[in-house]
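The entries below are in the order in which I checked them.

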Amino acid sequence: MTDLTLTTERTINAPQKAVFDAWLDPKMLARFMMPGPDMSVPVAKTDARVSGGFEIVMRAGDHDIPHHGTYKEINPHERLVFTWYGPSPAEDSTVTLTFDAVEGGTHVILRHDRFINEQRRDDHKQGWTGILISLDNLLAKVATQHAGAHAPRSFRRALIAALV
């Protein structure tokens, strides 16, 4: 095994708290942890505390792709670190997410360390990039739905209210 690493990033048009919280909320995870089109997440469970675990099952057609891990660090709204195990796992595979408030939303940097080979790394890069796009689209959709229903509310308040 090699120490292969990937990094992908995206600025998401949503408040830092909403973006961070989505990664710990099983209902939200089930709506955005889809690395490709025509996928679903029939199982998303979290025990959102340091040393707590999570389980995510991604489904492509009739093929289930199980993932699980343990939260190593939860620094609210700024940083999240967890182990990541799925098919063909690499020992000590770790994902680190940082969340930085920027004009227009939240800049997310996702770093995934340790892969068994370059092909698995490249596949995960494509998958994580798709997941960040799905999260951006989901939070935009939630904000739009709630902005229409609560026009006097600010974007931030409407989005946070939708996630609570």
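What follows are my notes on this model, which is predicted.

Entry one, the core. I looked up the largest nonpolar core, which holds 38 residues, and found that Trp23, Phe32, Met33, Leu80, Phe82, Leu97 and Trp128 touch the most other members. I then noted that helix H3, residues 118–149, supplies the largest share of this core, with 7 residues. Taking Phe32 from that group, I listed its contacts beyond the neighbours within four places in sequence, and these are Ala22, Trp23, Ile131, Ser134, Leu135 and Leu138.

I read off a volume of about 250 Å³ for the largest pocket, and I counted 14 lining residues, of which Pro35, Met58, Ile65, His67 and His124 lie nearest its centre. Strand E3 (53–60), strand E4 (63–75) and H3 each give at least two residues to this lining, and H3 gives the most, with 6 residues. When I sorted the lining of the largest pocket by class, I had 9 nonpolar, 3 polar and 2 charged residues.

I followed strand E6 (residues 94–102) to E7 and found the two running antiparallel, joined by 9 bridges, with Ala101 standing opposite Thr106 in E7. E6 and E7 form a hairpin with 2 residues between them, and in the turn I noted that Gly104 has a positive phi of about 90°. Last, I checked how covered strand E7 (residues 105–115) is, and 8 of its 11 residues are buried.

Definitions and conventions. Residues numbered from 1 in each chain as written. Predicted model: local features only at pLDDT ≥ 70, side-chain atom pairs only at ≥ 80, totals over all residues. Heavy atoms only, no water. Core = buried A, V, L, I, M, F, W, Y, C linked by side-chain atoms within 4.5 Å. Buried < 20%, exposed > 50% of the residue type's maximum accessible area, 1.4 Å probe, protein only. Helix = DSSP H or I, 4+ residues; strand = E, 2+ residues; numbered from the N terminus. Contact = heavy atoms within 4.5 Å. 1 Å grid on protein atoms, 1.4 Å probe; cavity = no way out; pocket = protein on both sides within 12 Å on 5 of 7 lines; lining within 4 Å. Points joined across faces, edges and corners; volume = space filled by probe spheres on them. Nonpolar A, V, L, I, M, F, W, Y, C, P; charged D, E, K, R; others polar. Pairing = 2+ DSSP bridges.
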